[in-house]
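Open the model in your viewer and switch to a cartoon view.

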Amino acid sequence: MLCSTKSLLLAALVSVLLLHLCSRSEASNFDCCLRYTEHVLHPKFIMGFTQQLANEACDINAIIFYTKKRLAVCADPKKIWVKKAVHILSQRVKKM
């Protein structure tokens, strides 16, 4: 009886640990912009971009710029400088 109690306790602890690890890995694969940068980025420092749409998982619309230094910068898609940068980057892609 004592052996089966220890086995059940061990199984429960392993289950909780696995559940915790699985939930952490799913959360880390899903990152959202939570606020916008205050700084204007010059297009010559930007390598590319993606668009984040506000939905169930992300609270705000954003343009995520990827810089030459491998940084991801969240920007407000309503700002003029962001619209210009997206336009310039889109033109770069068309020329390739």
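This is a predicted model: local features need pLDDT of at least 70, side-chain atom pairs count only at pLDDT 80 or more; totals for chains, interfaces and linings use all residues.

Begin with its open sheet, which has 3 strands in the order 1-2-3 with antiparallel pairing. Now select the edges: strand 1 (46-52) and strand 3 each pair on one side only. Look along the sheet and you can follow how neighbouring strands are turned by 25° against each other on average, direction ignored.

Next, show strand 1 together with strand 2. These two run antiparallel and are joined by 6 bridges. To see one of these pairings, pick Gly48: its bridge partner in strand 2 is Tyr66.

**Then turn to the side chains**

Which residues make up the largest nonpolar core? Select Leu41, Ile46, Ile63, Phe65, Val73, Ala75, Trp81, Val82, Ala85, Val86 and Leu89, and you have its 11 residues on screen. Colour by element and you will find that strand 2 (62-67), strand 3 (72-75) and helix 2 (80-95) each give two or more residues to this core. Helix 2 supplies the largest share, with 5 residues. More generally, nonpolar side chains in soluble globular proteins tend to be buried together.

Zoom in on Val86, one of the core residues. Leaving aside residues up to four places away in sequence, Val86 touches Phe49, Ile63 and Phe65.

Notes
Residues are numbered from 1 along each chain as its sequence is written. Side-chain values use heavy atoms; hydrogens and water are left out. A nonpolar core is a set of buried Ala, Val, Leu, Ile, Met, Phe, Trp, Tyr and Cys residues joined through side-chain atoms within 4.5 Å. Buried means under 20% relative accessible area, exposed over 50%, partly exposed in between (1.4 Å probe, protein chains only). Helices (H or I, at least four residues) and strands (E, at least two) are DSSP runs, numbered from the N terminus. Contact means heavy atoms within 4.5 Å. Two strands pair if DSSP finds at least two bridges between them. Axes are lines fitted to C-alpha atoms, for helices over the stretch in contact, and angles run from 0 to 180 degrees between N-to-C directions.
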